[in-house]
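Open the structure in your viewer and keep the selection tool at hand. The stops below say what to select next and what is there.

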Amino acid sequence: MNETYVVYGAAGSGSVPIEAVLTLLDLPYRVEECAPWESRERAGALAGINPMLQVPALALPSGELMTESAAILIWLADAYPKTRLAPAVGDVARAAYLRWMTFVSSAIYALYWVADDPSRVVDRAEDHATVKSRLADRIAHCWGVMAREVRPGRYILGDTLSVLDLYVATASRWTPGRQRFYDAAPGLAETVRRVDAEPRLAGFWAERFPFVEGWER
């Protein structure tokens with residue numbers, strides 16, 4: 001049995017919150033860089049891992065393979081309950097946790113398959129900018145819906161950091177950008193900034209999703 005987790009992902013991608021969780025848990029892992037958007041060769045290599053040609057995927061020490069970012073994050077938090085990275089079964093916050101993990105995955109993350117490459121669903125190149133703009137509006141709207149429904153403490157579910165916070169902090173940096181996220185979801189602004197500043201992840205962020213100059217635009 002391989003005792004090391006293997007993350008199939010890419011810097012700045014949906015593998016980042018999974019890598020962050022493994023870092024917080026101090027678990028041995030390695031990253032196989034396989035961004036399918038970079039080349040046909042990388043996409044072909046990923047086909048044997050995930051037939052959807054998407055990252056992230058996670059190979060468990062048991063040999064099992066997981067895909068779907070929300071599922072992986074939920075599994076990791078449940079597999080290591082002492083770290084309290086998710087409300088336990090029976091906790092009053094569990095329902096909200098599952099609701100918003102699924103919401104981020106289905107209502108927001110899923111839109112990037114089209115937003116990143118509108119030609120996947122729209123043939124006319126002259127229409128691509130409109131598709132991107134409308135999807136950015138939809139993503140901002142969804143962040144606003146979430147912000148109006150939650151009552152965060154220091155973090156989204158209260159005063160304890162969870163995998164949901166890592167998921168949101170990462171995804172909120174993608175299109176339409178963090179500043180628009182702040183505008184759409186002001187109640188979550190301090191929460192994600194707190195995740196950005198988590199000292200245990202300072203080195204990790206610098207390597208896997210750096211806060212370069214002007215990144216919040």
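Start by selecting helix α4, residues 94-108, together with helix α7, residues 163-171. In this predicted model, the two helices pack at an angle of about 25 degrees, and their axes are 10 Å apart. Angles under 35 degrees count as roughly parallel, and α4 and α7 are therefore roughly parallel to each other. The crossing in which α4 passes α7 is left-handed.

Now show the side chains at this contact. On α4, select Y97, W100, M101, V104 and S105; on α7, select V163, L164, Y167 and V168.

Next, select V114, which is in helix α5, residues 112-115. Is V114 buried or exposed? V114 has a relative accessible area of 18%; the cut-off for buried is under 20%, so V114 counts as buried. Leaving aside residues up to four places away in sequence, V114 touches V121, V131 and L135.

Move on to the cysteines C34 and C142. C34 is buried at a relative accessible area of 8%, and C142 is buried at 2%. How many disulfides does a search of the whole structure find? The search finds 0.

Two prolines come next. Select V55 and P56: the peptide bond from V55 to P56 is cis, with omega near 10 degrees. P56 sits in the loop that runs between α2 (40-47) and β3 (57-59). Then select T175 and P176, where the peptide bond is also cis and omega is near 10 degrees. P176 belongs to the loop between α7 and α8 (178-184).

The last stops concern backbone angles. Select D26, in the loop between α1 (16-25) and β2 (29-33). Its phi is near 60 degrees, a positive value in a residue other than glycine. D26 has 70% relative accessibility and counts as exposed.

Finish at R84, in the loop between α3 (69-79) and α4. R84 is not a glycine, yet its phi is positive, at about 55 degrees. With a relative accessibility of 54%, R84 counts as exposed.

Conventions
Residues are numbered from 1 along each chain as its sequence is written. This is a predicted model: local features need pLDDT of at least 70, side-chain atom pairs count only at pLDDT 80 or more; totals for chains, interfaces and linings use all residues. Side-chain values use heavy atoms; hydrogens and water are left out. Axes are lines fitted to C-alpha atoms, for helices over the stretch in contact, and angles run from 0 to 180 degrees between N-to-C directions. Helices (H or I, at least four residues) and strands (E, at least two) are DSSP runs, numbered from the N terminus. Angles under 35 degrees count as roughly parallel, over 145 as roughly antiparallel, 65 to 115 as roughly perpendicular and the rest as oblique. A crossing is left-handed if the near helix is turned anticlockwise from the far one by less than a right angle, and right-handed if clockwise. Contact means heavy atoms within 4.5 Å. A disulfide is a pair of cysteine sulfur atoms within 2.5 Å. Buried means under 20% relative accessible area, exposed over 50%, partly exposed in between (1.4 Å probe, protein chains only).
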